[in-house]
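Colleague: I am new to this structure and would like to go through it in short questions. Please show it to me before we start.

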Amino acid sequence: MRESNFAFPAQNKACVCINTQLYDRRALDTTSNLPLLNSLQHLRHLTATSPRIREIMTMDGGLERLVRILYDFCLSPPPPDNPALVYGLSPPGYRPSKQTPALNPVIYDKHAAFRFSQAFECVVNIGVRGSEPIRSRVVQAGTLDVVGCVLEAWLASKGFAIGPSSSATGIPRETREQRQARRLAQAEQRQRDEAAALARALQRQIVLDQMQQRITHAQQERVIQQRIFGEGSNAVR
């Protein structure tokens, strides 16, 4: 069984972290959020630029660890951390209550979502930029389950029914009363749209008539002025 955290006081390191020059598999097993996020940010760069790192991660369990991070977040996004419960200040024997799994919770930890995004980019880099055996290992690690969970959450957020259904689209089959109510609402909406279109057409016609009247009135005034000017010129002569 792997140890969760490795510290090196002699090197002034509280936890092993991945950087742009060093990849260490132990950094992905840490239970602290901040060093894990730091390691994922550097790992994203390594998986995008180093074929050797992508190959190593398919053999040392790093790929499975990334998929596990993704899967845990998809199943139940954690709630925001309580800043009052700091280590050493929380009551003795305090154990946080286990949250009920929810597909799309209203409130969740933004930092956990950011770690999910970083880990997802690492897996994408390994799968897209890797060779065919590496892509096969990405599938074997369970990445398709994570993608399916992400798509399921997106469909649920858009109002689609999730789970077995009698219809081919996944939407529950509507009853006769629901169908009649839907058709009645569509007919009423169609009537309102037609009435609004007719009102706009009448308003447009009224505006055109007013413009035509102004143009006609201006032309008549111009003709009268020309006649007056012509009569005045003849009188002077």
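Colleague: Which residues of α5 do Val123, Ile126 and Gly127 in α4 meet?
Modeller: This is a predicted model. Contact here requires heavy atoms within 4.5 Å. On the α4 side the residues are Val123, Ile126 and Gly127, and on the α5 side they are Ile134, Arg135 and Val138.

Colleague: How do the residues of that contact divide into nonpolar, polar and charged?
Modeller: Gly counts as polar and Arg as charged, whereas Val and Ile count as nonpolar. The contact of α4 with α5 therefore divides into four nonpolar, one polar and one charged.

Colleague: At what angle do helix α4 and helix α5 pack, and is α4 parallel or oblique to α5?
Modeller: Two packed helices are described by the angle between their axes and the distance between the axes. Helix α4 covers residues 110–129 and helix α5 covers residues 132–140. Their axes are 7 Å apart, at an angle of about 140°. Angles over 145 degrees would count as roughly antiparallel, so α4 is oblique to α5.

Colleague: Which residues are linked by ring pairs into a cluster?
Modeller: A search of the whole structure finds two aromatic pairs. One of them joins Phe116 and Phe120. The cluster linked by ring pairs consists of Phe73, Phe116 and Phe120.

Colleague: How many disulfides does the structure hold?
Modeller: A disulfide needs two cysteine sulfur atoms within 2.5 Å. For Cys74 the nearest cysteine sulfur is that of Cys149, 4.1 Å away, so Cys74 is in no disulfide. Cys74 is buried at 7% relative accessible area, and Cys149 counts as buried at 10% relative accessibility. The number of disulfides in the structure is zero.

Colleague: Is Thr20 buried or partly exposed?
Modeller: Thr20 is found in the segment before α1 (33–49). Leaving aside its neighbours within four places in sequence, Thr20 is in contact with His42, His45 and Leu46. With 38% relative accessibility, Thr20 counts as partly exposed.

Colleague: What distance separates the C-alpha atoms of Thr20 and Ser39?
Modeller: Along the chain, Thr20 and Ser39 are 19 residues apart. Their C-alpha atoms are separated by 9.3 Å.

Colleague: How many helices does the secondary structure of the chain come to?
Modeller: From the N terminus on, the elements run α-α-α-α-α-α-α. There are zero strands, and the helices come to seven.

Colleague: What share of the residues in the chain do buried residues make up?
Modeller: A residue is buried when its relative accessible area is under 20%. Of the 237 residues in the chain, buried residues make up 23%.

Note on methods: Residues are numbered from 1 along each chain as its sequence is written. This is a predicted model: local features need pLDDT of at least 70, side-chain atom pairs count only at pLDDT 80 or more; totals for chains, interfaces and linings use all residues. Side-chain values use heavy atoms; hydrogens and water are left out. Axes are lines fitted to C-alpha atoms, for helices over the stretch in contact, and angles run from 0 to 180 degrees between N-to-C directions. Helices (H or I, at least four residues) and strands (E, at least two) are DSSP runs, numbered from the N terminus. Angles under 35 degrees count as roughly parallel, over 145 as roughly antiparallel, 65 to 115 as roughly perpendicular and the rest as oblique. Buried means under 20% relative accessible area, exposed over 50%, partly exposed in between (1.4 Å probe, protein chains only). Rings of Phe, Tyr and Trp (its six-membered ring) pair if their centres lie within 6.5 Å; planes under 30 degrees apart count as stacked, over 60 as edge-to-face and the rest as tilted.
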